[in-house]
Amino acid sequence: MRVIYSEDHKLRDAKTELHGGLLVTPFEGPFRAEWILKAVRDAGFSDVVAPNLHGLETALKVHDWGYLEFLSKAWALWKASGAEGEAIPTSFPVRRSTQRVPNDIDALLGYYANAAETAITEGTYEAAIASMKCALTGVDWLNAGNRFAFSLCRPPGHHAGIDLFGGYCFINNAAVAAQHLIDLGAKKVAILDVDFHHGNGTQDITYDRGDIFFASLHGEPADAFPYFWGYADETGKGQGEGCNANYPLPRGTTWQAWSAALANALLRIKAFGAEAIVVSLGVDTFERDPISFFKLTSEDFIRMGSEIAGAGLPVLTLMEGGYGVPEIGLNVANMLKGLEA
C-alpha cells in the first residue's frame, strides 16, 4: 500500500469555525493528518511518499474556472479589504435572488459557499492544491499497475462542488481523481463515499455524467449536514440517470445496517462496469465521533476494507472526514488493513 502525504496540509490551520452560534476551534485541523499518518505507519504502512507534480488541468475539468480563480485570490482580497479575522461567508444568493458573480469579497465568499461554518485562511488554497496533488498521485500509482493506494488528503474534498466550497472542502479530490483515471484511459470509474456526511459536492460534479458512478452512504439528510442533498430519489440526470445512488441511514446505524447498504452499493458498482473505485473515506461513522450519529466500531473498519477489496477492483482511498478523537488514526489504518487482508 503506497501512502501519499504532503506536509503542505499544515499551511491550512484555521482558528475559527462557526458552530452552535459560537466561533470555536475547528473540528478539522492539522492534528487529524498527524494522528492518521502516525497510526498508518505504526500499522506497518511505511511506504510514504510526497505527491508528484501536477497542475490544475484535471481540476479544471470538474470545477468552474472562476471558482478556482476565486480560491487562489480569496485570502489576498480578504486582507486587502481590511478584515482582521478569518474569511467566513455571511451573505448568500438564496432562492429568487440574482445569481450574478459579484465583485466584493464578502459577496464572493457567499456566492461560492455552500455553508457558513468553513473559514478561508492564509494557506488554504496552497493546502487544497497539495491535497489535490496527493489524490492525483494516488491515481498515478494505480495506473502503474498497482492495486491499492492511500492519499492522505487534507483538507478533505467531497463537499466541494462545481463552484462551491464548504464543509472544510475546497477542491473535490475524489472527482479530480476519477477524472484523472478517465483521462488515463478508464471508460468507467466509481466513487464510493463512506463518510458519515453526504458527498454533496461529488454528486454536484458527477450528477449528469454516465462515466462516473457515485454511491454515498450517509446520515439521513433531514437530520445531518449537508441537509439539502443525499435523498434516495436523487438518481442522476441526462447521461447520468441511474449513476447516482444515495443510501441515507438513520441515527444510531450500526454495522449490520450500514454493511447491507455497502453490499448493495458494491453490487451496483460492479454492474456499472467500473474499472476502479475511488473511496472517499470518512471515519466519522465511528461511534464516538463528535459531529456524527452512526455507531461503527474500530473493528468494523477492517470489515469495511475487506468488503470493498472483495469487489476485485483497484482502489484509491482518499481521506475525507473523522474528527476529534484519537481513534481516527486507528480506524483509517484498520480500513487499509482490511483492503490488503
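Student: Where is the place of Glu241?

Tutor: Keep in mind that we're looking at a predicted model. Strands S7 (212-219) and S8 (244-249) are the landmarks to find here. Glu241 sits in the loop between S7 and S8.

Student: Is Glu241 buried, partly exposed or exposed?

Tutor: Buried means under 20% relative accessible area, and exposed means over 50%. Glu241 has a relative accessible area of 48%. That value makes Glu241 partly exposed.

Student: Which residues is Glu241 in contact with, leaving aside its neighbours within four places in sequence?

Tutor: Trp258 is 17 residues away in sequence, but its C-alpha lies 24 Å from that of Glu241. Once the neighbours within four places are set aside, the contacts of Glu241 are Thr235 and Gly236.

Student: How far apart in space are Val332 and Ala39?

Tutor: Val332 belongs to helix H9 (residues 327-340). In sequence, Val332 and Ala39 are 293 residues apart. From C-alpha to C-alpha, though, the distance is 8.0 Å.

Student: What is the relative accessible area of Val332?

Tutor: Look at what touches Val332: leaving aside neighbours within four places, the contacts are Ile36, Val40, Phe150, Leu281, Val283 and Met319. Val332 counts as buried, and its relative accessible area is 0%.

Student: Stepping back, what share of the contacts with a separation of 6 or more is between residues 24 or more positions apart?

Tutor: The protein chain has nine helices and ten strands. Among its contacts with a separation of 6 or more, those between residues 24 or more positions apart make up 77%.

Student: What radius of gyration does the protein chain have?

Tutor: The C-alpha trace spans about 55 × 45 × 40 Å along its principal axes. For 341 residues, a compact globule would come out near 20 Å, and the chain agrees with that. Its radius of gyration is 18 Å.

Student: How many of the eleven residues of helix H5 are buried?

Tutor: Across the protein chain, 58% of the 341 residues count as buried. Helix H5 covers residues 173-183 and is largely enclosed by the rest of the structure. Its buried residues include Asn173, Val176, His180 and Leu181. The count for H5 is ten.

Student: What covers the buried residues of H5?

Tutor: Both helices and strands take part. The helices include H4 (124-143) and H6 (200-206). The strands include S6 (189-193), S7 (212-219), S9 (277-281) and S10 (315-319).

Student: What is the phi of Arg96, a residue other than glycine?

Tutor: Arg96 is in the loop between helix H2 (65-80) and helix H3 (105-111). Arg96 is exposed, with a relative accessible area of 80%. Its phi is positive, near 70°.

Student: Where does Tyr227 lie, given its positive phi?

Tutor: Tyr227 has a phi of about 70° although it is not a glycine. At 38% relative accessibility, Tyr227 counts as partly exposed. You'll find Tyr227 in the loop between S7 and S8.

Student: What kind of peptide bond joins Phe225 and Pro226?

Tutor: Most peptide bonds are trans. Pro226 is in the loop between S7 and S8, and the omega of the Phe225–Pro226 bond is about 10°. Arg154 and Pro155 are joined by a cis bond, with omega about 5°. The bond between Phe225 and Pro226 is cis.

Student: How are the rings of Phe31 and Trp35 arranged: stacked, tilted or edge-to-face?

Tutor: A pair of aromatic rings is described by the distance of the centres and the angle of the planes. Phe31 and Trp35 lie in helix H1 (residues 30-42), four residues apart, about one turn of the helix. Their centres are 5.0 Å apart, with 65° between the planes, and over 60 degrees is the cut-off that matters. The pair is edge-to-face.

Student: Which residues do ring pairs link into a cluster?

Tutor: There are 14 aromatic pairs in the count. The cluster is made of Tyr67, Phe70, Tyr111, Tyr112, Phe165 and Phe170.

Methods:
Residues numbered from 1 in each chain as written. Predicted model: local features only at pLDDT ≥ 70, side-chain atom pairs only at ≥ 80, totals over all residues. Heavy atoms only, no water. Helix = DSSP H or I, 4+ residues; strand = E, 2+ residues; numbered from the N terminus. Rg over C-alpha atoms; globule rule 2.2 N^0.38 Å. Buried < 20%, exposed > 50% of the residue type's maximum accessible area, 1.4 Å probe, protein only. Contact = heavy atoms within 4.5 Å. Phe/Tyr/Trp six-rings, centres within 6.5 Å; stacked < 30°, edge-to-face > 60°.
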